[in-house]
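Trainee: Could we go through the backbone features of this protein together?

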Amino acid sequence: MDVKEKMHAGEMYLPHDEKILKDQFRYLDRLYDFNMTRSTEQQKRQEMLKVMFAEIGEGCYIEPPLHTNFGGHHVHFGKKVYANFNLTLVDDTHIYVGDYTMFGPNVVVATAGHPILPELREQGYQYNAPVHIGKNCWIGAGAVIVPGITIGDNVVIGAGSVVTKDIPSNVVAVGNPCHVLREVNEHDREYYFKGRKIDPAFLNKT
């Protein structure tokens with residue numbers, strides 16, 4: 001198994017291998033160019049993202065600056081994904097995000113980890129585990145999602161949460177470590193925020 005295969009197989013490897021760095025720097029140059037675009041250059045951004053990402057659906061919006069280890073080369077976005085400022089994707093291996101998912105500011109999604117044993121860290125060893133985030137999720141500001149996590153569909157992750165275990169579909173989850181607070185329920189079909197009612201006309205459009 002060569003070093004690039006180890007990156008995606010959960011095996012320990014040395015990330016500063018020349019075979020990795022040559023491609024990585026090229027991807028990061030593209031990321032730099034994306035972050036230097038103007039807000040009026042929306043079409044240019046869309047075209048750049050199609051080259052940068054492994055997959056990206058129609059109607060996605062990513063607000064620079066975007067931070068990634070591999071320039072999005074291992075990132076798979078569905079359609080109409082929204083990301084606010086300072087999304088950090090540690091995409092040393094694959095990150096999958098479903099349609100309509102939203103990221104608040106300063107969210108971190110990490111696939112890379114390092115051994116607990118200090119002798120191995122001293123040598124620079126790393127391992128990676130993919131992250132899966134479902135459809136129509138809202139990942140609140142400042143949330144951190146660690147390697148190997150799966151989050152289901154229609155999930156709200158509260159601001160500042162640290163997601164260290166898988167989260168099932170159709171729930172609100174909060175805290176450090178992140179835990180399920182409650183299910184999405186009928187109350188949520190009537191109120192959108194602190195007693196403020198949802199106009200039924202909005203629901204008729206879905």
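**Strands and loops**

Trainee: Where is the place of Pro65?

Mentor: The model is predicted, so local features need pLDDT of at least 70 and side-chain atom pairs count only at pLDDT 80 or more, whereas totals for chains, interfaces and linings use all residues. Residues are numbered from 1 along each chain as its sequence is written, and side-chain values use heavy atoms, with hydrogens and water left out. Strands are DSSP runs of E with at least two residues, numbered from the N terminus. Pro65 has its place in the loop between strand E2 (61-62) and E3.

Trainee: Which residue does a cis peptide bond join to Pro65?

Mentor: The omega of this cis bond is about 0°. The residue joined to Pro65 is Pro64.

Trainee: Which residue in E17 stands opposite Ile145?

Mentor: Strand E14 (residues 144-145) pairs with E17 in the parallel sense over 2 bridges. Opposite Ile145 stands Val163.

Trainee: Is Asn86 buried or partly exposed?

Mentor: Asn86 lies in the loop between strand E5 (82-83) and strand E6 (87-90), and has a positive phi of about 65° although it is not a glycine. Buried means under 20% relative accessible area and exposed over 50%, with partly exposed in between (1.4 Å probe, protein chains only). Because its relative accessibility is 26%, Asn86 counts as partly exposed.

Terms used: Pairing = 2+ DSSP bridges. Helix = DSSP H or I, 4+ residues; strand = E, 2+ residues; numbered from the N terminus.
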